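I opened my notebook to get to know a new fold. Here is what I looked up, step by step.

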Amino acid sequence: MSSGTIGRRRGGRLSAATKAVLDQGDRLVPPLLMLTLLSGVIDAVSLLGLGHVFVANMTGNLVLVGLSLTGAPGSWAAGPVVALGGFVVGALLVRAVAPRRAGHRALLGVCAALEAALFVVAALASYDGGVLPILLCAVALGMQNAAVRRLGLAGLTTTVMTSTLTGLVADRAERRTASTSRRQALSVLTLVAGAGAGAVAVRWAGTPWTLTAVAVLAVAVAVTVSVVGPPGPGG
């Protein structure tokens, strides 16, 4: 057998393996966009219904903590600090509990199911006010961020839109693919849509019912992950 034939066969196997990985990533795009929508809704809920705090966008919380340290009018330290702590706890849970070799779909599905449970408890706790709903929602989003980060799907972070926008605008063409650009654009638009939907829902249905709707969306993500197709590499 010639070296050229062996090289073509090896190249074919590598191409097939690469295609399988890309196909698996494409199958995860719908549930990840659903999680992006969830992030927009939940931050709208936390800003409008839980005390002007973020539970998905930790950059915003760091700014709020800085404002509170200077005694800025209207600033509130407890909410942002609780959200930051809950987010860290959620991310650490995924790091400590989820096996490193856990399949992408299994990890995402379990995290979405746990998020749904936390949102239901947060909805019940929101009737009494306080920081418990903030803590529960932040833990849920910390888990989500850690799970999505482990997936490493380019252009879909579900919450961190600063880097997504920067990549969409500033990256040179040779550093990104058409699919990555589409994912980045869809992520930004989906987050905006989620925030708008969350604001409308809080205004018309109230915070507890909107949190319940977010829990239903998380369940839909878990179900979608289970039916996106047969497991591929990492799935």
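My entries go from the whole chain to single residues.

**Entry 1: ground rules.** I am working with a predicted model, where local features need pLDDT of at least 70, side-chain atom pairs count only at pLDDT 80 or more, and totals for chains, interfaces and linings use all residues. Residues are numbered from 1 along each chain as its sequence is written, and side-chain values use heavy atoms, with hydrogens and water left out.

**Entry 2: the whole chain.** How many helices and strands does the protein chain have? I found eight helices and zero strands. Helices (H or I, at least four residues) and strands (E, at least two) are DSSP runs, numbered from the N terminus. Read from that end, the elements run α-α-α-α-α-α-α-α. I then looked up burial: of the 235 residues in the protein chain, 43% are buried. Buried means under 20% relative accessible area, exposed over 50%, and partly exposed in between (1.4 Å probe, protein chains only).

**Entry 3: a pair of helices.** Two packed helices are described by the angle between their axes and the distance between the axes.

Gly85 sits in H3 and is partly exposed, at 32% relative accessibility. From Gly85 to Gly142 I count 57 residues in sequence, but 9.5 Å in space, C-alpha to C-alpha.

Entry 4: Val45 belongs to helix H1 and is buried, at 0% relative accessibility. Its C-alpha is 9.8 Å from that of Ala197, although Val45 and Ala197 are 152 residues apart in sequence. Leu217 is part of helix H8 (residues 207–227), and Leu217 is buried at 17%. Leu217 and Leu38 are separated by 179 residues in sequence and by 6.9 Å between C-alpha atoms.

**Entry 5: two loop residues.** Which residue in the loop between H1 (3–49) and H2 (58–69) did I check? It was His52, which has a positive phi of about 55 degrees although it is not a glycine. Thr158, in the loop between H5 and H6 (161–170), also has a positive phi, near 75 degrees, and is likewise not a glycine. Are they buried or exposed? His52 is exposed, with a relative accessible area of 62%, whereas Thr158 is buried at 0%.

**Entry 6: a surface patch.** Val120, Leu124, Tyr127 and Trp209 make a nonpolar surface patch of about 500 Å². Patch residues have over 30% relative accessible area and no salt bridge; like charges are joined within 9 Å, nonpolar side chains (Val, Leu, Ile, Met, Phe, Trp, Tyr) within 5 Å. A salt bridge is a side-chain nitrogen of Lys or Arg within 4 Å of a carboxyl oxygen of Asp or Glu. Val120 lies in helix H4 (residues 104–125) and is partly exposed, at 40%.

Methods. Areas by Shrake-Rupley, 256 points an atom, 1.4 Å probe, with all protein chains shown as cover.
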